[in-house]
Amino acid sequence: MEYVNIFAEIVSIMHQDYAGYEEKKGWDHPDYFTQKIEYLETNELMTPQLFTEIVNEYLISFQDRHMYFHLHHSEKVEAKTCGFSVRNYEDTLYVTEVSEENRFGKGAKIVSIDGQSISLIRTLHREMLRESHPEREEWDEILSKATYFELMNENEDLVKLDLRLYRRTPKKSTYAIDFINENTLLLTFSDFGDTNSIVNLIEKHKDDLLESKNVIVDVRRNNGGNSHAFSLLMRYIFKKGEKPSSEPKVREFNCSDRNVELFLEQAEKIRSSTDHEETLKMLEFAEHQFKTYRNQGFVAFDFSEFIAELENNFEGENNPENVIILSDCYCASAGEEFVEMSKESSKVTIVGRATMGINDYSDIVCLNWDNRFSLCYPMSRLEQKTEIDPIHGKGIQPHIYIKWTPKHIEEDIDLQQALKLIKS
């Protein structure tokens with residue numbers, strides 16, 4: 001039974017290799033999901049899409065948004081999505097983005113799902129939403145399993161629509177540096193995944209950065225990547241004589257045999273895709289550490305030598321004079337690292353909403369099953385445990401908080417606030 005065997009391996013990972021397995025022991029109930037999968041597979045009712053939904057429902061038990069189970073699109077299998085995104089405001093779901101769906105546009109209001117009000121769903125399915133604050137809730141899981149929903153149209157009439165699932169369209173990364181005006185640059189990074197492209201872009205615009213009085217950096221939807229990708233940018237974030245000052249947080253790596261093998265495979269792929277010196281040095285160091293401590297449980301790697309070298313070689317710039325960073329709860333992983341580090345600069349003002357708050361468990365590795373499914377999970381944890389970590393589930397707090405409202409759908413309120421700050 002193929003699906004049952006894959007799920008058994010996933011459970012094994014969550015109980016031995018996942019960075020949070022000690023702290024979250026007993027949080028999950030795998031037997032329930034195993035029986036469900038066995039029944040569906042025995043009766044030939046299981047599909048790749050349904051299996052993906054069941055696994056993701058199981059993973060919610062661990063309350064870790066730094067973990068994903070993906071279905072890969074292929075000739076035989078289509079990865080499906082509801083084709084739109086929503087955000088909760090006063091117990092109404094506002095459509096903030098439309099991709100594959102074409103029956104309504106941005107700004108549409110969903111007032112019920114499968115006959116239940118949004119407020120009732122929030123009460124019954126709090127765990128699936130992953131967050132306690134409305135503007136940070138995740139509704140994808142609930143929507144993708146729904147049968148129908150009620151939508152309020154422009155005439156304030158209620159329209160009942162069956163939920164459709166569409167073939168998922170891969171999103172392209174955005175790395176851009178544009179002039180808003182002669183004194184202000186807008187930098188947009190949807191992720192920090194492609195180190196070479198980002199480093200080359202920053203190098204290409206180094207004169208623009210040095211000649212601009214103001215820089216706005218948009219990482220509101222930055223879903224992470226490699227922290228070395230933004231290392232060159234930090235030169236412009238800090239003034240001359242300044243540098244990141246906080247003590248690096250000690251991380252413990254779960255050096256299980258599986259994690260070591262997955263990391264070594266991942267390191268080879270990264271090595272073949274970049275010539276960035278800092279990244280390659282760190283890879284070599286990490287590979288040596290993992291090989292040395294294989295099967296020795298959690299080990300705190302000593303990065304002090306690399307950090308000291310980076311600090312010694314770091315030099316800030318007085319221009320740009322002002323740096324405003326636009327942040328939101330969709331900013332995660334390496335995106336959060338960028339916001340957290342930048343917040344130490346006297347030049348910087350963070351505007352918007354707090355980041356996702358998921359870096360207590362970090363350093364993602366991925367296991368692939370026949371290029372159909374992949375589980376990505378963190379293998380390192382903070383030495384300072386989750387319960388007392390000030391960022392877990394809360395994120396990096398902005399200097400200027402702007403509550404999300406439906407007005408954000410039509411206007412870039414955060415960017416407008418940034419430009420007001422610059423003028424003042």
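This is a predicted model: local features need pLDDT of at least 70, side-chain atom pairs count only at pLDDT 80 or more; totals for chains, interfaces and linings use all residues.
User: What is the radius of gyration, and what would a compact globule have?
Analyst: The chain has 22 Å, and a compact globule of 424 residues would have a value near 22 Å, so the two agree. The radius is taken over C-alpha atoms, and the globule rule is 2.2 Å times the number of residues to the power 0.38. Along its principal axes, the C-alpha trace spans about 65 × 60 × 40 Å.

User: How much of the chain is buried?
Analyst: Of the 424 residues, 50% count as buried. Buried means under 20% relative accessible area, exposed means over 50%, and partly exposed is in between (1.4 Å probe, protein chains only).

User: What about contacts between residues at least 24 apart?
Analyst: Take contacts (heavy atoms within 4.5 Å) between residues at least 6 apart in sequence. Of those, 73% join residues at least 24 apart.

User: Charges next. How many positive and negative side chains?
Analyst: There are 49 positive and 76 negative side chains. Lys and Arg count as positive, Asp and Glu as negative; His and the chain ends are not counted. The centres of the two sets lie 3 Å apart, with each charge placed at NZ of Lys, CZ of Arg, CG of Asp or CD of Glu.

User: How many salt bridges?
Analyst: The count is 29. A salt bridge is a side-chain nitrogen of Lys or Arg within 4 Å of a carboxyl oxygen of Asp or Glu.

User: Which residue does Glu-2 pair with?
Analyst: Glu-2 forms a salt bridge with Arg-372, at 2.3 Å from N to O. Glu-2 lies in helix α1 and Arg-372 in the loop between β17 and β18, so the pair ties together parts 370 residues apart in sequence. Glu-2 is partly exposed at 38%, while Arg-372 is buried at 17%.

User: And what does Arg-381 meet?
Analyst: Arg-381 meets Glu-22 in a salt bridge of 2.9 Å, N to O. Arg-381 sits in strand β18 and Glu-22 in the loop between α1 and α2, so parts 359 residues apart in sequence are tied together. Arg-381 is buried at 6%; Glu-22 is partly exposed at 45%.

User: Asp-328 and Arg-353: buried or exposed?
Analyst: Both are buried. Their side chains meet in a salt bridge of 3.0 Å, N to O. Salt bridges that share partners join Asp-328 and Arg-353 into one network with Arg-87, Asp-218, Arg-220, Asp-412 and Asp-414.

User: Which residues of α15 are buried?
Analyst: Ile-413, Asp-414, Leu-415 and Ala-418 are. They pack against β10, β11, β12, β15, β16 and α14.

User: Where does Ser-424 lie?
Analyst: Ser-424 lies in the segment after α15. Ser-424 is exposed, at 77% relative accessibility. The C-alpha atoms of Ser-424 and Ile-13 are separated by 53 Å.

Notes: Residues are numbered from 1 along each chain as its sequence is written. Side-chain values use heavy atoms; hydrogens and water are left out. Helices (H or I, at least four residues) and strands (E, at least two) are DSSP runs, numbered from the N terminus.
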